[in-house]
Amino acid sequence: MAAVEAESAPLTLESLPTDPLLLILSFLDYRDLINCCYVSRRLSQLSSHDPLWRRHCKKYWLISEEEKTQKNQCWKSLFIDTYSDVGRYIDHFAAIKKAWDDLKKYLEPRCPRMVLSLKGNGS
């Protein structure tokens, strides 16, 4: 009798285990993760899970573990802060940053003054 009652109980978001939900969320893009925050309290908590945002920070902003440690922020905050600063370039930012890092790596030992001049006042 108890098995019949368990089978007929409605399946809700609250009754689903956390790990499968996190796995599902891991396939979502950053826009969808943000939208999940508005669906329910549970999805809001789960979509704020830091490892989900780590992937997006690395993919779109090329933020390393070292940079994260220096900024002392969670991955989601890093993503949002960077998005608010350069979000309009999100589709091209990773390629531009990689090109800059490669150029800087090449120029620093050869022409350090040029690197400073390209940064604009050494910043």
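A residue is called buried when its relative accessible area is under 20%, exposed when it is over 50%, and partly exposed in between (1.4 Å probe, protein chains only). By this scale E65 is partly exposed, with a relative accessible area of 37%.

The model is predicted, so local features need pLDDT of at least 70 and side-chain atom pairs count only at pLDDT 80 or more, while totals for chains, interfaces and linings use all residues. Residues are numbered from 1 along each chain as its sequence is written, and side-chain values use heavy atoms, with hydrogens and water left out.

**Salt bridges**

Side chains of opposite charge can pair when their charged atoms come close. A salt bridge here is a side-chain nitrogen of Lys or Arg within 4 Å of a carboxyl oxygen of Asp or Glu.

| Salt bridge | N to O distance |
|---|---|
| R54 and E65 | 2.6 Å |
| K58 and E65 | 3.9 Å |
| K98 and D102 | 3.0 Å |

R54 lies in helix α5 and E65 in helix α6, so their bridge ties together parts that are eleven residues apart in sequence. Helices (H or I, at least four residues) and strands (E, at least two) are DSSP runs, numbered from the N terminus. R54, K58 and E65 are linked in a network of salt bridges.

K98 and D102 both belong to helix α8 (residues 93-110), where they are four residues apart and separated by about one helical turn. D102 is partly exposed, with a relative accessible area of 40%, and K98 is partly exposed at 47%.

**Aromatic pairs**

A pair of aromatic rings is described by the distance of the centres and the angle of the planes. Rings of Phe, Tyr and Trp (its six-membered ring) pair if their centres lie within 6.5 Å; planes under 30 degrees apart count as stacked, over 60 as edge-to-face and the rest as tilted. This rule gives eight aromatic pairs. One of them joins Y30 and Y60, which is edge-to-face because the ring centres are 5.3 Å apart and the planes stand at 80 degrees. That pair links distant parts of the chain, with Y30 in helix α3 (residues 30-36) and Y60 in helix α5 (residues 50-61), 30 residues apart. Y30 is buried, with a relative accessible area of 3%, and Y60 is buried at 11%.

Y60 also forms an edge-to-face pair with F79, at 6.3 Å centre to centre and 75 degrees between the planes. Since Y60 lies in helix α5 and F79 in helix α7 (residues 75-86), this pair ties together parts that are 19 residues apart in sequence. F79 is buried too, with a relative accessible area of 1%. Y30, Y60 and F79 belong to one aromatic cluster that also includes W53, W61, Y83 and F93.

Contact means heavy atoms within 4.5 Å. S47 is in helix α4 (residues 41-47) and is buried, at 0% relative accessibility. Apart from neighbours within four places in sequence, S47 is in contact with L25, L33, C36, C37, L52 and W53.

K68 is in helix α6. Apart from neighbours within four places in sequence, K68 touches D50, I63, Q73, C74, W75 and L78 by the contact rule. K68 and C57 are eleven residues apart in sequence, and their C-alpha atoms are 9.6 Å apart in space.

**Positive phi values**

Most residues other than glycine have a negative phi. Which way does the phi of L62 point, positive or negative? L62 has a positive phi of about 55 degrees. L62 sits in the loop between α5 and α6 (65-71) and is partly exposed, at 33% relative accessibility. N72 also has a positive phi, near 55 degrees, and is a residue other than glycine. N72 is in the loop between α6 and α7 and is exposed, with a relative accessible area of 70%.

**Annotated region**

An unreviewed UniProt entry carries the annotation "domain: F-box" for residues 10-56. Over residues 10-56 the chain is 62% helix and 0% strand, and the end C-alpha atoms are 34 Å apart. UniProt positions are given in the numbering used here, feature names are shortened, and annotations may be inferred rather than shown by experiment.
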